[in-house]
Amino acid sequence: MAKRGNNEGSIYRRKDRRWGASLTLPNGKRKHFYSRTRADAAERLRQAQHLAGQGLPIPPQRVAFGSFAEKWLEEIARPRLRPRTTHGYRSILYHDLLPEFSRTRLAELTPARIQAYMNAKLEVGLSPQTVKNHHALLRRILGDAHRYGLVGQNTAKLVSPPRVVREPIRPLSVPEARSLLEALRGDRLEALVHLAIMTGMRSGELLGLTWDMLDLERGELRVERALQRLDGEYRLVETKTHRSRRRLPLPQETAALLSARRAAQAEDRRCAGPRWLDQWGLVFTNEQGWPTDAKAVRRRLDTALARAGLPHIRVHDLRHTAASLMLAAGTPLKVVQEVLGHSTIAVTSEVYAHLAPELAREATDSVARLLSAAPAAR
């Protein structure tokens, strides 16, 4: 019987009903792999052949996903993640990934296994966005496992996440924005909504704004932190990305509303007396100095929208309103990116691509008006 050559492999069924695969390495030794299905064994063999063909070492097969993933979250990922991201990862890991893959060896997480997992989650009713989040976490975990030499490649990169249909953006038009601000005149929420529409700040950035980040005399503010609530506890955290740290100009009317907000807060502090609690110097607080709750903002916004006869929008749509108004006014896309704090101009372009046809029509109409107004050449 002829001896198998280097990088030749075979697949066979074991007595314990598992599938095995073996590979002849360049040094003449045989490498064996074991899987629950023939497809997994074949995929593991293919990966090993690819690595051996490149002269790369074949990672060990015995490391379980569960033991590595738990260590990854607490020791590798958590120090570089925002608290809310860590909270979300922990929820996905312990609620979904570990029950499915805890005892599965990292080497057995083939593209087929990952795809089957995502298909099953979609079938039980999870949204495409949620399943996409699961895929993103698997990709990060396996990416670091690959970096540490525990797997031959990041198999999650070979699997496409489900397609997510972006929800339609519903920004306010200029007349609608005016109606909303009129409905909020004198309301505790007036300055916050006005600031959101003028600057496009994120909800957490607005609620995490502190007085030391404002210069009302010069008419500008610094965006440096955001307010988050995790497990019932408020936290001030760093902004989403380094691009999110930015300076923004304040229109005169907005600065005046913020000055009025400071005076109203001083009256709140006087009335609350020793019950006043404001540990960070926040701009937007309730009557006792506590951070303004995001749910309370949504309720008051809904009330104002109904009072103005406007359709329901989310608080985040105020950010979209700011962007759409800037673009409609002819603000260059790069400037809009900087104001919004997007990481790249590609993000800004993708989010507001739906505005392109309308803006293009306004641009061509502007050219037409210029030409029609020009005197005829003699």
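## Aromatic pairs

Phe101 is buried, its relative accessible area being 0%. In this predicted model, Phe101 belongs to an aromatic cluster together with Phe65 and Tyr117. Tyr117 is likewise classed as buried, at 4% relative accessibility.

The structure has 3 aromatic pairs. In one of them, the ring centres of Trp72 and Tyr89 lie 6.2 Å apart and the planes meet at 35 degrees, so this pair is tilted. Trp72 sits in helix α2 (residues 65–77) and Tyr89 in helix α3 (residues 83–101), so the pair links distant parts of the chain, 17 residues apart. Trp72 counts as buried at 1% relative accessibility, and Tyr89 counts as buried at 14%. Phe101 and Tyr117 make another tilted pair, with 5.2 Å from centre to centre and 50 degrees between the planes. Because Phe101 lies in helix α3 and Tyr117 in helix α4 (residues 111–123), this pair ties together parts that are 16 residues apart in sequence.

## His135 in helix α5

His135 is located in helix α5 (residues 128–147). Its relative accessibility is 5%, and the cut-off for buried is under 20%, so His135 counts as buried. Apart from neighbours within four places in sequence, His135 is in contact with Met118, Ala156, Val159 and Pro161.

## Helix α10

Helix α10 (residues 294–308) has 15 residues, which at 1.5 Å a residue should span 21 Å; the C-alpha atoms at its ends are 21 Å apart, in agreement. Val297, Leu301, Ala304 and Leu305 are the buried residues listed for α10. Viewed down the helix axis, the buried residues of α10 fall within an arc of 100 degrees, so they line one face of the helix. They pack against α6 (174–183), α7 (190–199), α8 (203–207) and α11 (316–328). Lys295, Arg299 and Ala306 are exposed on the other side of α10.

At the start of α10, a side-chain oxygen of Asp293 comes to within 3.0 Å of the backbone nitrogen of Lys295. After the helix comes Gly309, with a positive phi near 70 degrees.

## The sheet β4-β5-β8

An open sheet is formed by 3 strands in the order β4-β5-β8, with antiparallel pairing. β4 (214–215) and β8 (246–249) are at the edges and have a single partner strand each, so one side of each lacks a neighbour in the sheet. Strand β5 (residues 220–223) pairs with β8 in the antiparallel sense over 4 bridges. Val223 has Arg246 of β8 as its bridge partner.

Methods. Residues are numbered from 1 along each chain as its sequence is written. This is a predicted model: local features need pLDDT of at least 70, side-chain atom pairs count only at pLDDT 80 or more; totals for chains, interfaces and linings use all residues. Side-chain values use heavy atoms; hydrogens and water are left out. Two strands pair if DSSP finds at least two bridges between them. Helices (H or I, at least four residues) and strands (E, at least two) are DSSP runs, numbered from the N terminus. The expected span of a helix is 1.5 Å times one less than its number of residues. Buried means under 20% relative accessible area, exposed over 50%, partly exposed in between (1.4 Å probe, protein chains only). The arc is that of the directions from the helix axis to the C-beta atoms. Contact means heavy atoms within 4.5 Å. A polar contact is a pair of N or O atoms within 3.5 Å; within protein, one must be able to donate a hydrogen and the other to accept it, and residues adjacent in sequence count only if both atoms are side-chain atoms. Rings of Phe, Tyr and Trp (its six-membered ring) pair if their centres lie within 6.5 Å; planes under 30 degrees apart count as stacked, over 60 as edge-to-face and the rest as tilted.
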